[in-house]
Amino acid sequence: MNNLVKISRDKDKDNDVAVITIDNPPVNALSPGVPEGIWAAIDEINSDAGVKAAVVIGGGRTFVAGADIKEFGKMTSGGPRRSLLPLLLRIEDSSKPVVMAIHGTAFGGGLELAMAGHYRVASPTAQVGQPEVKLGIIPGAGGTQRLPRLVGVAKAVEMCADGKPVSAREAATLGLIDRLIEGDLQAGAVAFAREIAGKPAPKTRERAEKLGTAAENAAICAAARETAGKKQRGLKAPLAAIDAVESATRLSFDEGCQFEAKLFTECLFSNQSKALIHIFFGEREVAKIPDVPKETPVIPVNRAAVVGSGTMGGGIAMVFANAGIPVVLKDVDEPALNLGMGKIRKNYASSVQRGRFTQAVMDERLQMITPVLTYDAFSEVDMVVEAVFEGMALKKTVFADLDRACRPGAILASNTSTLNIDEIAGATSRPEAVIGTHFFSPANVMRLLEIVRGKKSSKEVIATCMSLSKKLGKIGVLVGNCRGFVGNRMFGPYRREAQFLIEEGAEVEALDHALVEFGNAMGPLAVGDLAGLDVGWRIRKEYRHLEEPGIRQPFSEDRLCEMGRYGQKTGRGWYRYDDSRRTSVDPEVTALLRKWSAEAGIPQRQISAAEIVDRCIYALVNEGARILEEGYALRAVDIDIIYINGYGFPAYRGGPMWHADTVGLQKVYQRICEFHQQHGELWAPAPLLQRLAETGKTFAEFDKEQAAAA
Ligand code: T1G
């Protein structure tokens, strides 16, 4: 044993049950030393005649959260399975029965460890799962072989392919957990161990009663592959996980483990896995703000208010209600408020209909939202989110009103997606309380929350919004106050290139298709139609005076808007939509585009899918590099997290900046230089990109250097 695994005896009765405690905070990952420690403990109990049975339990907040993901980058072959597979056989072959006692989470290698025990008991609040696919890999320590033996192929395929955890209660009904223990887990586990001591101990790998034959399971696996193809489009690991589980129905346990090992290794060394691991750590990294330390006091947000009950405001009110925070929702008149509340009700009702939650939950959530017409109740709230129409004059009026209505110390947040937070803050006597909270539409669904730091936003206000985002089920990313902040500022050049490509001869559908094939949730033109083309058009009209003369500007979207083609809401935009929003290519648009391009003298040519992807994605990367250098994003990984959670960028590519690193910055830089020559100044390479490319570095290395310098 070592300092990561301890062994003790239960003293209260016959002193005959050994308790093996894994103690590797914070989540008892199976870091080097842990498997060795467990092995030594199993050896010890086997050679101790006084021990009848053993309990394996996690110290601290959880059982074992899996292999140590930090170690993955250092691996040259085999991965964590090399130390785990033999250990799990050793446990199974122990002559003294081993009871695994689970609280918190038994994930990945943690569940695999638990399944090698002869029995499993758990606290009712525990969760178990094989979430490896979320890291682009599959279970690698026999999980795909032991799980179907305990729960059957159908459930094992589901758990390994979608990676979602199951509750201990469900696990108990599945046969994965043998007993739920209310109250003290260790005491309950020891009592259980005493009950089973001396009886024949079942070895999971020798069980076959739930496996069934390959033929019996063929339809299940085929259906799972189809689902994975749709829901996890482009991801390789879910399909590998299904193949591995299926193999349990036709191979021996040992052969199945070998097959699993082959697929595991392929996945572990794939770019998809590297990207998803980057995202796993990135999601935790974005919470760290160099000048806002962890200890910064946060303001308790027990009551909130939202101004404006339109689509965004209503969605934001739902976000608070869903998190159990009562919220007042204000609008200017009864009809507007009724419309807003009506939409919220409809939204909740559709969730009930789809079985997401019960009518009782819907009623509870609705009760959390109080519609109001005045600011009277605002003196009691801890935080307000303003979500009125996007116009500076109106926002300033609202903030002046909030300044009068809210108590000192309350946070005044704006959901603006384009306007200057400092100017809005200037309308109040307390700019330190003002911050941007940029939700993404639909607010109750999208995970991203851009938190926009004003010049004077206080550290307490920033820390509160960052920690609140977690409570609201969002991933908060701190960004600086520039036009469009991070996400929309980058989205501008991306959509601009999409239009240029169309004006140079690319077909509407082919353009979107190329980017969907790349992995994006939707193509840029379809996104425009969904969001409403008029939104960008109005903003462009407002900022037209800032455009530099002589620089090429796209025109096609503005022309479509001038014709009243605003997208889905008018039934026509880039595409045509019927009453049930089915999309079709509109020959009228194709003809118009050719006509407009000819009038503008733009030569038409065949454009490959590869060029479409390069132009659109590198436009994101180039702008991202500028944002990074200007300090509006703290790290390259922050940009990646924004794009994956707010813009449908494929997680398995790790975000635009990670993707550029993967392609190679020299290659990306060269391509951007070509575009610069062909298409002019808009493609001037970002100085940071040029520097990194010329010195052979990556954005990830830039992040590390910045962190070291801080
Ligand atoms: N390895 C290393 N570090 C980990 C870790 C892990 N498995 N899990 C968490 N951490 C770190 C995390 O980076 C953070 O660090 C801190 O612990 C707290 O985490 C062989 C190959 C367990 C539900 O995918 O889902 O087993 O930021 O902030 O919200 O087949 O962490 O504080 O420095 O997330 O309470 C499979 C991943 C591995 C589980 C806890 N296991 N972890 O959530 O805290 S692959 C997983 C989680 C594997 C086998 C295969 C969650 C959690 P820092 P946190 P939390």
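Biologist: Which conventions apply to the model and its residue numbers?
Modeller: Residues are numbered from 1 along each chain as its sequence is written, and side-chain values use heavy atoms, with hydrogens and water left out. The model is predicted: local features need pLDDT of at least 70, side-chain atom pairs count only at pLDDT 80 or more, and totals for chains, interfaces and linings use all residues.

Biologist: In what order do the 8 strands of the open sheet lie?
Modeller: Helices (H or I, at least four residues) and strands (E, at least two) are DSSP runs, numbered from the N terminus. Two strands pair if DSSP finds at least two bridges between them. The pairing in this open sheet is mixed, and the order is S12-S11-S10-S13-S14-S15-S16-S17.

Biologist: Which are the edge strands of this sheet?
Modeller: An edge strand here pairs on one side only. Neighbouring strands of the sheet are turned by 25 degrees against each other on average, direction ignored. The edges are strand S12 (369-372) and strand S17 (475-480).

Biologist: What is the bridge partner of Lys330 in S12?
Modeller: Strand S11 (residues 327-330) runs parallel to S12, and 4 bridges join them. For Lys330 the partner in S12 is Val372.

Biologist: How many residues of S17 are buried?
Modeller: Buried means under 20% relative accessible area, exposed over 50%, and partly exposed in between (1.4 Å probe, protein chains only). One side of S17 carries Ile475, Val477 and Val479, the other Gly476, Leu478 and Gly480, and both faces are covered. S17 is largely enclosed by the rest of the structure, because the buried count is 6 of the 6 residues.

Biologist: At what angle does H25 run to S17?
Modeller: Contact means heavy atoms within 4.5 Å. Axes are lines fitted to C-alpha atoms, for helices over the stretch in contact, and angles run from 0 to 180 degrees between N-to-C directions. H25 packs on the sheet and touches strand S16 (448-453) as well as S17. Its direction and that of S17 make about 125 degrees.

Biologist: Is H11 roughly parallel or roughly perpendicular to H25?
Modeller: The axes of helix H11 (residues 271-285) and helix H25 (residues 636-646) come within 9 Å and cross at roughly 105 degrees. Angles under 35 degrees count as roughly parallel, over 145 as roughly antiparallel, 65 to 115 as roughly perpendicular and the rest as oblique. H11 is therefore, relative to H25, roughly perpendicular.

Biologist: Which residues of H7 are buried?
Modeller: Helix H7 (residues 185-196) has 12 residues. Among the elements covering its buried residues are strand S2 (17-22), strand S3 (53-58) and strand S4 (98-102). The buried residues are Leu185, Gly188, Ala189, Val190, Phe192, Ala193, Arg194 and Ile196.

Biologist: Which residues does Arg483 contact, leaving aside neighbours within four places in sequence?
Modeller: Arg483 lies in the loop between S17 and helix H18 (487-503). With a relative accessible area of 48%, Arg483 is partly exposed. Its contacts are Thr418, Arg489, Tyr543 and Leu546.

Biologist: What is the relative accessible area of Phe485?
Modeller: Phe485 is also placed in the loop between S17 and H18. Its phi is positive, near 55 degrees, in a residue other than glycine. Phe485 counts as buried, its relative accessible area being 0%.

Biologist: What is the phi of Asn28?
Modeller: Most residues other than glycine have a negative phi. Asn28 sits in the loop between S2 and H1 and is buried, at 1% relative accessibility. Although Asn28 is not a glycine, its phi is positive, at about 55 degrees.

Biologist: What is omega for the cis peptide bond that joins Pro25 and Pro26?
Modeller: Pro26 is found in the loop between S2 and H1. A further cis peptide bond joins Ser441 and Pro442, with omega about -10 degrees. For Pro25 and Pro26, omega is about 5 degrees.

Notes
The expected span of a helix is 1.5 Å times one less than its number of residues.
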